[in-house]
Amino acid sequence: MARAQGARAQMALAFETTYGTPPVGGFTKMPFASTSLGSEQPLLNSELLGYGRDPLAPIKDAVTADGDVMLPIDAEAFGFWLKAAFGDPITSGAGPWTHEFRSGGWTLPSMSIETAMPEVPRYAMYSGCVLDQLSWQVQRSGLLTATARLVAQGETIAAATAAGTPAELGLKRFGHFNGAISRNGAALGNVVSAEITYANNLDRIETIRSDGKIDGADPSIAALTGRIEVRFADSTLVSQAINGDPCEIGFAYVLPSGESFTFTAHAVYLPRPRIEISGPQGVQASFDWQAAKATAPARMCTATLINDVEAY
C-alpha cells in the first residue's frame, strides 16, 4: 500500500474569476518547502444534563480553512504571491519585464490552490484563498524563504486532480548572498539580520450558511513591520529614532543573470532602542520598525520584480 510522502507532494495555483470557484484551467505549479494549509471542523461537547454520566454525541462547529505556505523567494513564481499580497502589478518593458506591486489597493485577488499527494491518491483543492500575511528574514547565510499566511473559504477532497496539467516555471532562486539593504538610497552597514512582515489584516465575513463556510475575507488597514538588528557602530539610526523622522529602507536581491527583486518601505519609523552591554562581545541594537504611508510616493511600500514572465 502506498503511503503519503512529502517528497512527492505538489502544489498548483490559479487566480479565481469568482471568489470561491476554482477555475477550470490556468493552474501553475508552485515551488514550496512546506504547508499547513488545511480545513478543520471542531466538535462541541454536549452541555445537556439528565442523561447520565456518559456524554451525548458532540455537535459539529463551523469550518475553518487556513494555513501557511513556506516558499522560496525566486525570480518568477514569487510574483504570484506578490500579486496575492498587493493585487495586480503595473508591468512595463519588453522582455525582461518589470512588475511593480504597490500597497494600498482595496481589492485583493482570490486563489484556488491544490495540494496533491498522488500516491494515496489525495488531491485537496482550497478555494477562496486570500493572502493575509507575507513575511521573510534577511540574514547572512541560509536558505532565503518566505511564509505566506492564507485564509481560505473551503476544502474539497478528490481522488484525481482538478488542476489538469499545470504550467511550470523556471526556478531561479534568490539567496541571502544576493541581498543588500539600503537606507535613503545608500547602503546600510553593520546589519546583522532583519525581518519583514506585510499584513493585509483580513476580516473574515462569517455569515450564517448551511455549509459553515465564510462568505469572504476583506482586507482592512494594512501593516508593514519588522526588525533590524545592527552592530552598534554609529548613532545614525538612534538619532533618527530620537528625532522621529522617517527614512526609506530597501531590501534588494539581484541574480547574475539579471533578474532582481526589490522591496522598498518608503516611510519607516524607528523606536528608540535600549542599548545594552551584555558582555565582552560587540554591542548590538534592535529596532522594531513600523512603516506608514509616505508623502512621495503616496503609498507605504513597493515590491518590484524583474524577470522573463510577461504577465501575472
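## Cysteines

The sulfur of cysteine 247 lies 14 Å from the closest cysteine sulfur, that of cysteine 301, too far for a bond. A search of the whole structure finds zero disulfides, a disulfide being a pair of cysteine sulfur atoms within 2.5 Å. Cysteine 247 is buried at 1% relative accessible area, and cysteine 301 is buried at 0%. Buried means under 20% relative accessible area, exposed over 50%, and partly exposed in between (1.4 Å probe, protein chains only).

This is a predicted model, in which local features need pLDDT of at least 70, side-chain atom pairs count only at pLDDT 80 or more, and totals for chains, interfaces and linings use all residues. Residues are numbered from 1 along each chain as its sequence is written, and side-chain values use heavy atoms, with hydrogens and water left out.

## Aromatic pairs

The whole structure holds ten aromatic pairs. Rings of Phe, Tyr and Trp (its six-membered ring) pair if their centres lie within 6.5 Å; planes under 30 degrees apart count as stacked, over 60 as edge-to-face and the rest as tilted. Phenylalanine 15 and phenylalanine 80 are stacked, at 6.2 Å centre to centre and 15 degrees between the planes. This pair links distant parts of the chain: phenylalanine 15 is in strand β1 (residues 10-15), phenylalanine 80 is in helix α1 (residues 78-86), and 65 residues separate them. Helices (H or I, at least four residues) and strands (E, at least two) are DSSP runs, numbered from the N terminus. Both phenylalanine 15 and phenylalanine 80 are buried.

Tryptophan 136 and phenylalanine 263 pair edge-to-face, 5.3 Å centre to centre, with 85 degrees between the planes. They too link distant parts of the chain: tryptophan 136 is in strand β11 (residues 122-138) and phenylalanine 263 in strand β21, 127 residues apart. Tryptophan 136 is buried at 4% relative accessibility, phenylalanine 263 at 1%. Ring pairs join Phe78, Trp136, Phe174, Tyr253, Phe261 and Phe263 into a cluster. Phenylalanine 15 also has a charge over its face: lysine 83, 4.3 Å from the ring centre. That label requires NZ of Lys or CZ of Arg within 6 Å of the ring centre and within 35 degrees of the ring normal.

## Helix α2

Helix α2 (residues 236-243) has four buried residues named here: Leu237, Val238, Gln240 and Ala241. Down the axis of α2, these fall within an arc of 160 degrees, so they line one face of the helix. The arc is that of the directions from the helix axis to the C-beta atoms. The buried residues of α2 pack against β14 (179-183), β19 (223-231), β20, β21 and β22 (284-291). Just after α2, glycine 244 has a positive phi of about 80 degrees.

## Two buried sites

Glutamate 259 sits in the loop between β20 (247-254) and β21 (260-269). Its relative accessibility is 5%, so it counts as buried. Its side chain makes a 2.3 Å polar contact with that of serine 257. Beyond four places in sequence, glutamate 259 has contacts (heavy atoms within 4.5 Å) that include Phe174, Tyr253 and Asp308. A polar contact is a pair of N or O atoms within 3.5 Å; within protein, one must be able to donate a hydrogen and the other to accept it, and residues adjacent in sequence count only if both atoms are side-chain atoms.

Proline 72 is in strand β7 (residues 64-72). Proline 72 is buried at 8% relative accessibility.
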